[in-house]
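This briefing goes through one protein structure, topic by topic. Keep the sequence and the model in view while reading.

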Amino acid sequence: MSTAAEPPEQLLYRPEEAATVLRVGRSTVYEEIRLGRLQTVRIGRRRLVPPEYIAQYVELLKREAETAA
């Protein structure tokens, strides 16, 4: 049994962090945001990506891959 506390789940990702999670480039994330394919939330002037929006984007990519096949 581990006694170390697990780090809390990250609730919001900066676009650069979302790029790391998705394993794509930062410019790709910004382009997908611009196209409306990857949703974000705004806090002040910052754009942040909740994990559920990353999951929705991955599902979109899966649907597109199935359609193309």
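Two residues are in contact, or touch, when they have heavy atoms within 4.5 Å of each other. By that rule, Leu-22 touches Val-29, Leu-38, Ile-54, Tyr-57 and Val-58, not counting residues up to four places away in sequence. The model is a predicted one. The protein has three helices and two strands, and from the N terminus on these elements run α-α-β-β-α.

**The protein as a whole**

- The protein has 69 residues, and buried residues make up 23% of them.
- The accessible surface of the protein comes to about 5500 Å². Carbon and sulfur atoms account for 53% of that surface.
- Taking contacts between residues at least 6 apart in sequence, 42% join residues at least 24 apart.

**Helix H1**

- The buried residues in H1 are Pro-15, Ala-18, Ala-19 and Leu-22. Seen down the axis of H1, these buried residues fall within an arc of 105°, so they line one face of the helix.
- The cover over the buried residues of H1 includes H2, strand S2 (46-48) and helix H3 (51-68).
- Leu-22 is found in helix H1. Leu-22 has a relative accessible area of 18%, and the limit for a buried residue is under 20%, so Leu-22 counts as buried.
- Leu-22 and Tyr-57 are 35 residues apart in sequence. In space, their C-alpha atoms are 9.6 Å apart, and the two residues touch.

**The loop after H1**

- Arg-23 follows H1 and lies in the loop between H1 and H2.
- Arg-23 is exposed, with a relative accessible area of 77%.
- Most residues other than glycine have a negative phi.

**Helix H2**

- In H2, the buried residues are Val-29, Glu-32 and Ile-33. They cover an arc of only 100° around the axis, so they sit on the same side of H2.
- Ser-27 and Arg-34, on the other side of H2, are exposed.
- H1, S2 and H3 are included in what covers the buried residues of H2.
- Glu-32 touches Arg-37, Leu-38 and Tyr-57, with residues up to four places away in sequence not counted.
- Gly-36 follows H2 and has a positive phi, near 85°.

**How H1 and H2 meet**

- Two packed helices are described by the angle between their axes and the distance between the axes.
- The axes of H1 (residues 15-22) and H2 (residues 26-35) come within 8 Å and cross at roughly 110°. Angles of 65 to 115 degrees count as roughly perpendicular, so H1 is roughly perpendicular to H2.
- On the H1 side, the residues that meet H2 are Pro-15, Glu-16, Ala-18, Ala-19 and Leu-22. On the H2 side, Arg-26, Val-29, Tyr-30 and Ile-33 take part.
- The residues of this contact divide into seven nonpolar, no polar and two charged.
- Arg-26 is found in helix H2. Leaving aside neighbours within four places in sequence, Arg-26 is in contact with Glu-16 and Ala-19.
- Arg-26 and Pro-15 are eleven residues apart along the chain, and their C-alpha atoms are separated by 6.9 Å.

**Arg-46 in strand S2**

- Arg-46 has its place in strand S2.
- Arg-46 is partly exposed, with a relative accessible area of 47%.
- Arg-46 touches Arg-14 and Val-41, again not counting residues up to four places away in sequence.
- The C-alpha atoms of Arg-46 and Pro-15 are separated by 9.6 Å. Along the chain, these two residues are 31 residues apart.

Definitions and conventions:
Residues numbered from 1 in each chain as written. Predicted model: local features only at pLDDT ≥ 70, side-chain atom pairs only at ≥ 80, totals over all residues. Heavy atoms only, no water. Axes fitted to C-alpha atoms, helices over the stretch in contact; angles between N-to-C directions. Helix = DSSP H or I, 4+ residues; strand = E, 2+ residues; numbered from the N terminus. Parallel < 35°, antiparallel > 145°, perpendicular 65-115°, else oblique. Nonpolar A, V, L, I, M, F, W, Y, C, P; charged D, E, K, R; others polar. Buried < 20%, exposed > 50% of the residue type's maximum accessible area, 1.4 Å probe, protein only. Areas by Shrake-Rupley, 256 points an atom, 1.4 Å probe, with all protein chains shown as cover. Arc of directions from axis to C-beta.
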